[in-house]
Amino acid sequence: IQLVHAFNDAAGEVRLGYTFDAGPNAVLLVQRQHAAQALAAVLKHFPPPAGAEAGFVNRAELSELAARTDLPPGFDARFPMAPQPGAVRRIYHTRVGGGAA
């Protein structure tokens with residue numbers, strides 16, 4: 001939740017939203033043009049554990065794009081949390097519709 005607010009504050013506009021599914025899973029909502037930047041922020045602070053990088057994000061092309069994408073200026077100052085490897089088990093990117101495919 002704090003990451004989302006810090007991301008939006010740094011961007012100067014609402015680019016990222018959140019909700020929770022029926023269980024404990026956070027769901028991030030982002031428009032396509034900001035997906036790589038949002039994923040870059042998540043991966044910076046919630047990376048996979050060492051050796052578990054393959055398949056951590058279900059869309060390799062988005063993960064590769066995120067690795068080359070800059071975060072909004074000032075994001076690091078607004079969200080100075082140290083990386084928490086393994087805190088997130090997996091990231092699924094999907095589009096609005098019937099769910100993960």
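Biologist: Which backbone nitrogen does the side chain of Asn8 reach?

Modeller: This is a predicted model, in which local features need pLDDT of at least 70, side-chain atom pairs count only at pLDDT 80 or more, and totals for chains, interfaces and linings use all residues. Numbering runs from 1 along each chain as its sequence is written, and side-chain values use heavy atoms, leaving out hydrogens and water. A polar contact is an N or O pair within 3.5 Å, one able to donate a hydrogen and the other to accept it within protein; residues adjacent in sequence count only if both atoms are side-chain atoms. At 2.8 Å, the side chain of Asn8 reaches the backbone nitrogen of Arg15.

Biologist: Which backbone oxygen does the side chain of Asn8 reach, and at what distance?

Modeller: Asn8 sits in helix α1; helices (H or I, at least four residues) and strands (E, at least two) are DSSP runs, numbered from the N terminus. Beyond four places in sequence, Asn8 is in contact (heavy atoms within 4.5 Å) with Glu13, Val14, Arg15 and Leu16. Its side chain reaches the backbone oxygen of Leu16, at 2.8 Å.

Biologist: Is Asn8 buried or exposed?

Modeller: Buried means under 20% relative accessible area, exposed over 50%, and partly exposed in between, with a 1.4 Å probe and protein chains only. Asn8 has 11% relative accessibility, so it counts as buried.

**Salt bridges**

Biologist: How many salt bridges are found in the whole structure?

Modeller: A salt bridge puts a side-chain nitrogen of Lys or Arg within 4 Å of a carboxyl oxygen of Asp or Glu. Glu13 forms one with Arg15, the closest N and O atoms being 2.8 Å apart. Asp76 forms one with Lys44, the closest N and O atoms being 2.6 Å apart. The search of the whole structure finds two.

Biologist: How far apart in sequence are the parts tied together by Asp76 and Lys44?

Modeller: Asp76 lies in helix α4 (residues 75-78) and Lys44 in helix α2. Asp76 is partly exposed at 40% relative accessibility, and Lys44 is partly exposed at 36%. The pair therefore ties together parts separated in sequence by 32 residues.

Biologist: Which residues does His34 touch, beyond four places in sequence?

Modeller: His34 is in the loop between β2 and α2. It is buried, with a relative accessible area of 14%. Beyond four places, His34 touches Glu13 and Arg15.

Biologist: Why is α2 largely enclosed by the rest of the structure, and what do its buried residues pack against?

Modeller: Ten of the eleven residues of α2 are buried, so the helix is largely enclosed. Among the buried ones are Gln37, Leu39, Val42 and His45. They pack against α1, β1, β2 (26-30), α3 and α4.

Biologist: What is the relative accessible area of Phe7?

Modeller: Phe7 lies in helix α1. Leaving aside residues up to four places away, Phe7 touches Arg15, Leu16, Gln37, Ala38, Ala41, Pro72 and Phe75. It is buried, with a relative accessible area of 0%.

Biologist: Which residues does Phe75 touch, beyond four places in sequence?

Modeller: Phe75 is one of the core residues that touch the most other members. Its contacts beyond four places are Leu3, Ala6, Phe7, Ala10, Ala41 and His45.

Biologist: Which residues make the nonpolar surface patch of about 380 Å²?

Modeller: Patch residues have over 30% relative accessible area and no salt bridge; like charges are joined within 9 Å, nonpolar side chains (Val, Leu, Ile, Met, Phe, Trp, Tyr) within 5 Å. Areas come from the Shrake-Rupley method with a 1.4 Å probe; for residues, only the protein chains shown count as cover. Phe20, in strand β1 (residues 16-20), is partly exposed at 44%. The patch is made by Ile1, Tyr18, Phe20 and Leu28.

Definitions and conventions:
Core = buried A, V, L, I, M, F, W, Y, C linked by side-chain atoms within 4.5 Å.
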